Structure formats: structure tokens, C-alpha cells
Amino acid sequence: MLNWDIEDKQIDLGYTIICGVDEAGKGPLAGPVYAAACILPYGYNHPDLKDSKKLSEKKREKLFEEITSNAVSYAIEYASVEEIDELNILNASMLAMRRAVEKLEPKPNLALIDGNISRGFNLDTLTIIRGDTVSPSIAAASILAKVSRDRLCYELDKLYPVYEIKRHKGYGTEVHRALLRIHGPSPIHRRTFIRFLNHD
């Protein structure tokens with residue numbers, strides 16, 4: 001359940017500006033991985049705010065506008081398909097997260113990171129497994145990242161309609177895999193994620 005307990009505890013430890021950080025799109029076969037960082041006003045609460053995966057697309061879109069209108073600061077960044085193939089998806093996700101955090105103004109002195117890994121940040125971090133289900137700051141970041149990536153997928157669908165990206169958002173569904181076998185990969189496909197094509 002979302003509450004401010006985690007943020008409160010860190011404030012008691014002396015942190016004054018805390019951001020939540022999350023990513024979207026680690027698993028898909030195509031497209032960049034997105035990350036968002038968000039500093040919410042202390043105590044910010046919205047009845048619909050929760051882990052982005054538990055919300056309908058319509059609700060996520062509405063919350064995106066609510067969060068971006070009310071946040072003290074937010075930033076949305078990504079790591080490209082080329083960076084994913086070069087660095088691997090974990091390191092590319094961390095890169096996208098760091099890019100988002102570095103764009104925040106005012107500068108946070110603590111980042112709450114969804115998951116259990118933090119690499120390369122130039123500020124203190126606290127990793128929280130399933131953080132988007134307990135921290136409002138991380139939940140807000142998860143919505144910003146998810147909506148931003150989904151919006152990109154609709155644009156990619158227009159550029160590469162044969163893959164039906166708006167249906168599956170780049171994930172490795174049966175339909176997506178079948179279309180990949182028919183048409184072969186495009187420039188937006190992650191080469192390290194589609195090695196199965198070599199074994200068909």
C-alpha cells in the first residue's frame with residue numbers, strides 16, 4: 001500500500017530532497033528503455049496513484065497529467081536500442097535512470113530506486129523491491145516512464161506498421177514473434193533480444 005513511510009524515514013535521517021526513480025520497457029524485443037525521476041510535493045496523495053502496471057491506459061494518461069502538473073520536478077529519459085545492445089539491458093536501464101535523475105532541478109540528495117540494483121549514481125540511493133507499490137515517489141515515476149514509452153510505441157507503430165507495435169508495445173508476444181519471422185528485424189529491434197530468429 002502506498003504511503004509516505006519510506007520517505008518519512010529518510011527525511012528523519014537528514015535527506016531533504018528525495019526523488020523516486022523507475023523504468024519501463026526492460027523486457028520488450030523492440031524500442032528503447034525509458035526511465036523517469038520524480039520529486040513530489042511532500043505528502044502528495046492521489047486516490048488513483050499506484051504501480052503503473054495496475055492501472056488502465058486511460059487512468060495512466062490522466063495521472064501523467066496530474067503528476068507532471070503537481071510535481072516539484074520530473075524528468076523522463078531513455079537509453080536507445082543501440083545502447084541496450086552494447087551495454088546490456090540492466091546497464092542501459094541504469095543509464096536511463098541516471099540521465100533522468102541528473103536532469104532534476106532542484107537536485108535531489110537521495111534517489112529511491114525501484115528494484116534491488118543501483119549503479120553509477122552520483123548521489124545516495126536506496127533500492128526498494130516493488131517500490132512502485134509502497135512509495136508514492138516511485139509510483140509516480142513508474143507512471144511517467146510507462147506513459148512516455150507507450151506514447152513512443154504508437155509513433156513507432158506508424159513508422160513500422162507491419163509489426164503491429166501498438167498492440168503489444170514491443171513485447172515478445174506470439175503475434176510479434178510471428179511478424180518478426182515473416183518480415184525480419186527492423187532498426188528498432190534489439191539484436192540481443194531476437195537471437196531466437198537464428199534458431200528457427
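Visitor: Why is α2 called oblique to α5?

Guide: In this predicted model, helix α2 (residues 57-70) and helix α5 (residues 136-159) pack at about 120°, with axes 9 Å apart. Angles under 35 degrees count as roughly parallel, over 145 as roughly antiparallel, 65 to 115 as roughly perpendicular and the rest as oblique, and therefore α2 is oblique to α5. The axes are lines fitted to C-alpha atoms over the stretch in contact, and angles run from 0 to 180 degrees between N-to-C directions. Helices are DSSP runs of H or I with at least four residues, strands are E runs of at least two, and both are numbered from the N terminus.

Visitor: Which residues make the contact of α2 and α5?

Guide: Among them are Arg60, Leu63, Phe64 and Ile67 of α2, together with Ile143, Leu144, Val147 and Arg151 of α5, where contact means heavy atoms within 4.5 Å.

Visitor: What makes Arg151 a charge over the ring of Phe64?

Guide: The rule asks that NZ of Lys or CZ of Arg be within 6 Å of the ring centre and within 35 degrees of the ring normal. The charged end of Arg151 sits over the ring of Phe64, 4.3 Å from its centre, and Arg190 likewise lies over the face of Phe193, at 5.0 Å from the ring centre.

Visitor: How do you know that the bond from Glu105 to Pro106 is cis?

Guide: Its omega is near 0°, and Pro106 is placed in the loop between α4 (89-102) and β4 (110-114).

Guide: Residues are numbered from 1 along each chain as its sequence is written, and side-chain values use heavy atoms, leaving out hydrogens and water. Local features need pLDDT of at least 70 and side-chain atom pairs count only at pLDDT 80 or more, whereas totals for chains, interfaces and linings use all residues.
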